[in-house]
Amino acid sequence: MKAVIALCVALLAAPGLLWAKDIRITVRDANGPLAGVVVALTGAEPVKPVQAEIYQKDRQFHPQLLIVPVGSRVDFPNRDNTQHQVYSFSPAKPFNLKLYADRPDAPIVFDKPGIVELGCNIHDRMQAFIVVTSTSDIGQTDADGRITLSAEAEDMVDGRVPVTLWHPRLADTTHPVKRTVDPNTPADLTLELTPEPVRDNALDRLQRRFQDL
Amino acid sequence: MRRLGRLGFRGRLITAMVALVVVVVLVIGALMAAYLFDDEKKRAVEQLDIGARVTQEVLQRRADLERSRLQVVVQDFGFLSAIASGDRATLISALDNHSERAGADLAVLLDTEGQVIASTVRLGRFPLPDGLLDRAGNGRELVAFRGTGYELLVVPVQAPGLRAWLVAGFRLDDALARIIAELSGTRVEFQTAMDDKASTFATFAASHLGGTREDVSDQRFFVRRIALGDSDPASDLHATLMVDRQASLQRYYQRAREIGLLVLAILVFAILVAMIIARTLSRPVRQLAEYARAIGRVHTGDADATPPRLRVGGELLQLRNTLRDTFTRLRDREAHIRHAATHDDVTGLANRIALLDALEERLVANQPCSLIGLRLNDLSRINDSLGLAFGDQVLTAVANRLREHWPTALVVARTGGREFLLLLERLSDAAQVDAARRLHRQLQTPLEIDHTSFTVRTSVVTLQLPDDAGTLNEFRRRVNLTFERAARSDDPVLRYRPGLDENHLRRLQIIGDLQGAIRQGQLAMHYQPKLDVSLGRLVQVEALVRWQHPSLGPVSPDEFISLAEQSGQIHDLTGHILQRVADDARGWIAQGLDIGIAINLSAKDLTWPALPGLVARTFADWPQPMSRITLEVTESALMDDPVRALETLAQLSALGVHLSVDDFGTGYSSLAQLRQLPVQELKIDKSFVLRLRSEPDDQLIVRFIIDMAHGLGLAVAAEGIEDLDSWHLLRGWGCNLAQGFALGRPMPAADLPGAAQTLHQQRANLTHNATENSG
């Protein structure tokens with residue numbers, strides 16, 4: 001994945017060497033720097049689709065956030081001892097994999113940019129997001145909430161750079177939050193997130209019983 | 001109708017107790033009734049409160065139930081698929097299908113912006129409330145919708161990748177009303193205002209509460225309105241809870257009736273108890289009142305009063321004992337007083353009052369009786385010489401003897417210091433005299449006093465009643481008179497003689513009338529000529545007083561003067577006579593008659609120190625020589641108190657008046673004394689003169705007196721000359737003055753000039769015969 005991003009960044013950076021500019025963004029909320037915020041520039045350039053997979057293990061999706069370029073194929077192998085019915089009602093890619101075990105017949109092609117929210121019809125707690133992007137200027141903040149993106153001339157609107165922010169704990173996860181930043185100075189952005197759900201990682205009794213089967 | 005104030009103790013007690021009971025019972029009854037009414041009302045209000053809470057609770061629970069149903073619906077994959085499909089017909093049919101699963105009456109699907117995606121109802125005239133989604137967190141919303149109340153629940157549709165709102169409406173229907181009604185026991189109505197008119201769309205009345213919708217009114221029901229449409233006041237959605245007033249108060253009426261009966265029963269019982277208690281309480285008081293009345297009757301001499309037996313103690317018993325003791329003391333004291341009032345304390349016999357009472361009873365009842373009286377003649381002497389204690393012993397001994405010998409006497413009484421009276425049944429006159437003599441004999445027997453024999457002298461009188469005295473006054477007077485007479489009588493036993501008392505009365509009347517007679521001029525002055533015997537000439541008149549009493553007729557001077565002396569009126573009489581004579585004499589002297597006056601003085605006058613002064617004043621500036629006034633005093637008068645009489649005579653003599661010894665020859669004056677008297681004349685008593693012509697003894701005495709008087713240098717006057725022979729005898733013996741019917745009768749002053757004239761014409765006759773006789 002890092003290789004892909006690094007490749008994308010390299011490809012994108014090449015033509016605009018003269019013009020490219022690093023935009024430093026720090027995202028925080030009331031409690032401090034936010035890690036894992038997906039920050040993207042709005043410019044669109046063709047990015048090569050990739051092959052990826054989100055497997056299900058221990059009634060969880062792995063990984064729970066996947067960023068892929070438009071047209072990428074994602075497979076959903078089931079590595080649990082139960083069947084899963086993975087579906088999405090998101091307008092970017094609604095689909096429904098009927099209850100299955102092992103590996104679905106075919107991977108799903110995500111041909112439109114947007115946020116796709118995944119669920120399992122028989123396991124309401126299972127949740128995962130696929131960010132289908134049409135740009136290579138996209139990344140997640142590090143543990144200090146920092147990210148550096150490289151902006152080019154076409155990314156500029158009236159001297160500022162529009163950015164989108166997205167996080168799984170946004171109140172409305174169907175749409176990213178739109179902001180603009182000054183390219184010349186490091187930007188401090190804040191997000192309001194819903195509180196982290198208290199979820200003990202240990203499996204509940206029922207799940208444990210199922211696991212024992 | 002007796003006023004309360006007139007009620008007796010018992011009546012008051014009953015009235016007070018009954019009034020108290022009535023007040024207490026009525027107050028308690030009224031309070032209980034009021035409390036019950038309040039209680040029932042409160043119970044109804046509480047029921048409404050409960051109903052209100054139940055309504056809220058039922059709505060809340062229903063909402064919770066519906067919400068959980070909706071939660072299932074919005075997570076249904078098929079429903080979510082239908083939404084995600086974007087096909088409107090599919091979406092509406094799925095909405096209809098799934099809302100029906102949840103039991104919703106209407107369902108609307110909204111997107112995140114609040115735009116309607118799909119709806120099971122046409123939302124033209126009845127749009128959803130504004131800001132419904134903003135309040136989605138509140139849970140539920142009660143709205144009026146198409147004239148019906150709905151509960152709107154807003155549930156988010158949050159499928160992965162889907163964001164929408166499901167609004168589900170549940171009608172507030174009869175079933176809901178029924179649940180609330182049955183839980184709260186009230187009648188429940190859901191109402192909304194439509195076109196400003198209340199419209200009931202759902203109703204239920206718990207069957208046992210009764211009442212129909214038609215009678216709903218505030219008079220008929222206790223009502224509670226609970227506003228439901230809090231988000232939209234205009235819709236005025238509310239639940240009305242009602243409790244049938246009549247049904248609710250039914251219990252109160254029942255209780256009130258029971259209380260009323262109870263109050264009545266208690267009242268009757270209490271009145272009975274009060275009457276019994278009052279009777280018990282007032283019994284001793286009534287007994288005491290009767291006892292007091294009985295005591296009052298005893299006072300008037302009726303029956304005896306026995307103290308009542310009281311069942312109570314304390315004050316009432318004390319009162320009874322006090323009453324009894326007081327009554328006993330009162331009776332004893334009364335008996336004592338009565339005894340003292342009717343008994344003699346020395347002898348223990350009945351006293352004067354008792355005797356008079358007994359006698360009066362006999363007189364009033366016209367029962368004849370006999371009375372024997374007894375007086376101890378020398379009791380005062382015994383008292384003086386032997387002491388009062390001895391006198392009392394004498395009296396006691398006499399009394400004992402009377403008791404001993406006269407047990408049949410009606411009354412034996414000591415009626416005076418030394419007087420005893422015995423009242424006997426009527427005896428014949430002879431028997432009475434016998435009885436009196438027996439009594440006298442009994443008392444002549446010596447009395448044994450201090451071991452010595454002692455004899456008392458007694459007077460005994462008898463009266464036959466009512467012959468001798470018809471009234472008590474007569475009796476008292478006549479007994480006394482008889483005793484007085486008996487004391488002077490030789491016979492120690494004397495019966496009252498009729499007439500004795502009449503004299504006594506006449507004397508009393510004369511004494512009583514004399515003063516008035518003096519003042520009113522009933523006394524007339526008469527003058528009797530006194531002639532100079534040698535010259536046969538009228539030289540003096542003796543003043544004599546006459547009294548023509550209006551009812552008694554003429555009263556003799558001897559009688560009324562002696563009474564005046566006894567009654568102490570003599571000085572007034574003397575003064576009056578002196579003045580009358582002086583006035584008359586001044587009259588005839590002024591007419592030219594040269595006649596002197598002679599006035600009799602009473603024996604009492606001689607011991608009267610004021611007499612000389614009175615004479616001097618009366619005869620001041622007398623036109624004649626004072627020696628022409630002769631004051632005559634009796635010989636006996638001089639003897640009573642010779643020293644003072646002599647003193648008075650000396651003073652009179654000093655005035656220059658002539659003094660004459662009247663009635664000379666009847667007294668016992670010693671010649672030695674006579675010699676010392678400052679008198680100028682002796683007047684020979686007429687008893688010697690009246691028969692002078694025929695009695696040689698009288699002649700001797702008169703001649704002797706004349707000679708003796710002349711020898712002592714005194715003039716001699718003679719009175720009582722009734723014939724000329726006597727005159728000539730006296731003339732022969734050298735008597736100086738003479739007076740008598742033969743010379744002239746007493747006459748009023750007015751007749752004096754005529755008499756003087758007549759005497760003057762007879763003068764020759766008087767002097768002529770004398771010459772013959774003496775020769």
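Predicted model: local features only at pLDDT ≥ 70, side-chain atom pairs only at ≥ 80, totals over all residues.

Guide: B:His710 counts as partly exposed, because 16 other C-beta atoms lie within 10 Å of its own. Residues are numbered from 1 along each chain as its sequence is written, and chains are lettered from A and ligands numbered from 1 in the order in which they are written.

B:His710 sits in helix α21 of chain B, residues 696-712. B:Cys735 is 25 residues away from B:His710 in sequence, yet their C-alpha atoms are 9.1 Å apart in space.

Now the region around B:Cys735 in sequence. Helix α22 of chain B covers residues 724-733, and its buried residues are B:Ser726, B:Trp727, B:His728, B:Leu729, B:Leu730 and B:Arg731. B:Gly734 follows α22(B) with a positive phi, near 85 degrees.

Next, the nonpolar cores. A nonpolar core is a set of buried Ala, Val, Leu, Ile, Met, Phe, Trp, Tyr and Cys residues joined through C-beta atoms within 7 Å. The largest one has 70 residues, and B:Ile599, B:Ile684, B:Val716, B:Ala718 and B:Ala738 have the most contacts inside it. Helix α14 of chain B, residues 570-590, gives the most to this core: seven residues. Take B:Ile684. Leaving out residues up to four places away in sequence, B:Ile684 touches B:Phe664, B:Gly665, B:Val689, B:Val702, B:Ile705, B:Val716 and B:Ala718. A contact needs two C-beta atoms, placed from the backbone, within 7 Å.

B:Asp663 deserves a stop. Its phi is near 55 degrees, a positive value in a residue other than glycine. Most residues other than glycine have a negative phi. B:Asp663 lies in strand β22 of chain B, residues 658-664. This residue is buried, because 20 other C-beta atoms lie within 10 Å. A:Asp58 is in the loop between β5 (55-57) and β6 of chain A. With 12 C-beta neighbours inside 10 Å, A:Asp58 counts as exposed.

On to helix packing. Helix α12 (residues 500-520) and helix α13 (residues 557-567) of chain B pack at about 75 degrees, with axes 10 Å apart. Axes are lines fitted to C-alpha atoms, for helices over the stretch in contact, and angles run from 0 to 180 degrees between N-to-C directions. So α12(B) is roughly perpendicular to α13(B). From α12(B), B:Arg507, B:Ile510, B:Ile511 and B:Leu514 meet B:Glu559, B:Phe560, B:Leu563, B:Ala564 and B:Ser567 of α13(B). By class that contact has six nonpolar, one polar and two charged residues. Ala, Val, Leu, Ile, Met, Phe, Trp, Tyr, Cys and Pro count as nonpolar; Asp, Glu, Lys and Arg as charged; the others, Gly among them, as polar.

Last, a strand of chain B. Seven of the eight residues of β10 (residues 369-376) are buried, so this strand is largely enclosed by the rest of the structure. Seven bridges join β10(B) to β12 of chain B (residues 419-425), and the two run antiparallel. Strands pair if DSSP finds at least two bridges between them. In that pairing, B:Arg375 stands opposite B:Glu419. Eight bridges join β10(B) to β15 of chain B (residues 458-465), also running antiparallel. There, B:Leu371 has B:Leu463 as its bridge partner. A cis peptide bond joins B:Leu465 and B:Pro466, with omega about 0 degrees. B:Pro466 lies in the loop between β15 and α11 (472-488) of chain B.

Technical notes. Helix = DSSP H or I, 4+ residues; strand = E, 2+ residues; numbered from the N terminus. Parallel < 35°, antiparallel > 145°, perpendicular 65-115°, else oblique.
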